[in-house]
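Please look over the model below before you read on. Keep the sequence at hand while you do.

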Amino acid sequence: MSFRWPALNLRRQLLLVSVLLLTLPWAGCQFIREMEGALRLGQEQSLQATAEAVAAVLGQQEELLYPTPARRITPADTLGSIYAYPADQIIIVDGYADGWEHAVATQLKSASGSARLSVAYQAATRNDTLYLMLAVIDDDVVFHNPGVSREPNGDRLVLRTWRDGSRQEYVISTAAPGRVRATAQGPLGEATDGNRIRGVWQDTAEGYNLELEVPLSETGDRLGFYLVNVRQRAGGNFETLGNVKPLDTFAPPWLIYSPASLLTTLAPFAERGNHLQVVDKDNWLIADLPASGSVEADTRQTFWLLRLLYRSILAREEPMFVPNQEGTGRAAGEEISSALSGIDATTRYRESDYSTRTVLSSAVPIVYNDVVMGAVVARQSGEQYLSLTDQAFSKLLGYSLLALAVGALGLLAFASVLSWRIGRLSLAARKAIQEDDGTGAHFPRSTAADEIGELSRSYADLLAQLHEYNAYLRSLSRKLSHELRTPIAVIQSSLDNLEQSVDDNEQAGIYMLRAREGLQRLNSILTAMSEANRLEDSLRGASPRELDLVPLVKEMFNAYQDVYPDCDLRLDIAPQQARVNAVAELIVQALDKLIENATSFCSTEGAVCIALRSLPTGWQLSVSNNGPPLPDNLRDRLFDPMVSMRSDTSDAVHLGLGLHIVRLIAESLQGHVSARNLTEQDGVQFSMILPASETQTE
């Protein structure tokens, strides 16, 4: 009993198998996405609840955000306010920049004066102390000269604070580098103690550094300063540079810092794994508590490649990076702007250090007496909840891979059977074409009901008809030769008799000349008809060998100059050597046909050019000539047998087999032929592309 395939075509069989296999990963990805969406929503709600709890606590204590309540109702000072970064480590006041890496410097430059003067200042707070670092660039440092006057008469720094509604100024001046103390000046100078403000003055290559420590209680949460730069000599002309001016009568700019009481209040909330920030009404970051602990311990249990694959599957939109707030002291972000306007907001960012990690940021307004006085920002890494699903994803991935492996093996087996059937069909077709008996009876006919079986049966019918047609064509030339040679013999004998019997007159000579021309034309027709068959026989017995086209083409060019003396022949050979595996006689025969075709179509003043060019995979041997272009309807059929563009008035015999012979030779040498019109000039080009020999390509 023979096996019969089910009555399903090949497309439906493959579609059925593919759909069943692709539903598995699709369902798994959908499940993971749904689970991740639920976790995202839970994290957003939890983080927003934390931010609301912190905002509720801070909203009841105004002094936690604003130790000086007047700052809450004062318009923002965007130009002169000094932002003090919280210091994590003890700052040693020694006049050097060590320990100030965490604080970003603000640069001020003098706009007047011939001498170069600028200052870069930094501020930091630790416990109840304010630290200032001023790096001054001054081409001419003038120290205080006690011999001139007791009042400061050299380069000096003036600090301006605000206490009890009045300003207070302190002067720092020195007669030599070293430790310095402030001296109070002004109407309230005697009622204050400037000795609490102390620091170190250090010379530098470009000027001097001045590092100070100031009790926060002495500032009144306001701080201004200006440098007095004395020129040439003590007591001479001077210029000032700072965030305030000597003649200002209003309060100095605000000192923005993180109150210790605020940090103490936020500490319990930050211990729960949340990164908390508090922003005042002017976007100043007045508290920044990073999350305690790390999520790395949870994620190490899962292989890093699985984590990367998991994050890639969950990737939806491409969020923006966390806004960079370094160097400004101000917090930025869409959620912060929304919270300061009184609306809760949540935004997801991408971590700048990890392309596959995200950070969820939730901002809630801090309301005091129905007025927004700041915002609480709570941030949490996406790893906090993604790490919880790593193990579940690993198991799901394992089961999915097992199912995919089973399905893939089934599909591989099915595809192998199809490949075997198609390969057997291709092999049978190749053998049938190579057979010489012309019967095609050995081609197998499949009984399968799908497309491959139908294709097998169609091939069998087609090959049977093709063999019959080839057999007819092979016998056609012999039949014609047999039928035509008989009248040729009659004509030949008649002409011989005519020469012997008729008188020598002019009319008989004309008749005999015409008869012989007809006889010669019949012989040419028979020769041209049998030339292609003889060439196919010679191609089967030819043995290609390695030869160089360059000397061969040059030798043929010299011969063509003698054969076609009236034609303008040209030679253009670019490579020095062009080695191919071919038969020299076949190359010469193909080139003869191309030259004969080019000279017959070349215009009177035109030229015929033989060119040899290098291609990435072989060599291009072309013959071009000036003359009429190729018609579009014949361009693709010029190399077929019995196709010709010549007029019927030509005396020569042209059966359209010349270019067909060129194609047969090129294909026997594993190459191909082409024809195109020349765009840069009136003419055509016929090319024969041959592969390079193995020694040439090495």
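This briefing covers strands, helices, salt bridges and a surface patch. The model is predicted.

- Strand β4 spans residues 117-126. Nine of its ten residues are buried.
- Strands of a sheet pair through backbone hydrogen bonds, either parallel or antiparallel. Strand β4 has partners of both kinds, as the next points show.
- Strand β2 (residues 85-86) runs parallel to β4, and two bridges join them. P86 has T125 of β4 as its bridge partner.
- Strand β3 (residues 106-109) pairs with β4 in the antiparallel sense, over four bridges. Here T106 stands opposite Y121 of β4.
- Strand β5 (residues 129-138) also pairs with β4 in the antiparallel sense, with ten bridges between them. Y121 meets its bridge partner L134 in β5.
- Strands β4 and β5 form a hairpin with two residues between the strands. In this hairpin, N127 takes a positive phi near 55°.

**A five-strand sheet**

- What is the order of the strands in the open sheet? The order is β9-β7-β6-β12-β13, and the pairing is antiparallel.
- The edge strands are β9 (183-185) and β13 (238-242), and each of them pairs on one side only.
- Neighbouring strands of this sheet are turned by 30° against each other on average, direction ignored.
- Strand β12 (residues 224-230) pairs with β13 over five bridges, in the antiparallel sense.

**Salt bridges**

- The model has 16 salt bridges, counting a side-chain nitrogen of Lys or Arg within 4 Å of a carboxyl oxygen of Asp or Glu.
- E169 forms one with R160, and their closest N and O atoms are 2.6 Å apart. Are these two residues buried or exposed? E169 counts as buried because its relative accessibility is 11%, under the 20% cut-off. R160 is buried too, with a relative accessible area of 0%.
- R160 and E169 also belong to a salt-bridge network together with R167.
- R163 and E218 meet in a salt bridge at 3.1 Å, N to O. This pair links distant parts of the chain, 55 residues apart. R163 is in strand β6 (residues 156-163), while E218 is in the loop between β11 (207-215) and β12.
- R163 counts as partly exposed at 32% relative accessibility, whereas E218 counts as buried at 5%.
- E667 and R663 form a salt bridge at 3.8 Å, N to O. Both lie in helix α14 (residues 658-668), four residues apart, which is about one turn of the helix.
- An α-helix has 3.6 residues a turn, so residues three or four places apart point the same way.
- E667 is partly exposed at 45% relative accessibility. R663 is partly exposed as well, at 23%.

**Helix α13**

- Helix α13 (residues 584-601) has 18 residues. From first C-alpha to last, the helix reaches 26 Å, close to the 26 Å expected at 1.5 Å a residue.
- Its buried residues include A584, L586, I587, V588 and A590. K593 and N597 are also among them.

**A nonpolar surface patch**

- Which residues form the nonpolar patch on the surface? They are L455, Y459 and L462, with about 260 Å² of accessible area together.
- Y459 sits in helix α10 (residues 451-501). Y459 is partly exposed, with a relative accessible area of 32%.

Note on methods. Residues are numbered from 1 along each chain as its sequence is written. This is a predicted model: local features need pLDDT of at least 70, side-chain atom pairs count only at pLDDT 80 or more; totals for chains, interfaces and linings use all residues. Side-chain values use heavy atoms; hydrogens and water are left out. Patches are made of residues with over 30% relative accessible area and no salt bridge: like charges are joined within 9 Å, nonpolar side chains (Val, Leu, Ile, Met, Phe, Trp, Tyr) within 5 Å. Accessible areas come from the Shrake-Rupley method with a 1.4 Å probe; for residues, only the protein chains shown count as cover. Buried means under 20% relative accessible area, exposed over 50%, partly exposed in between (1.4 Å probe, protein chains only). Two strands pair if DSSP finds at least two bridges between them. Axes are lines fitted to C-alpha atoms, for helices over the stretch in contact, and angles run from 0 to 180 degrees between N-to-C directions. The expected span of a helix is 1.5 Å times one less than its number of residues.
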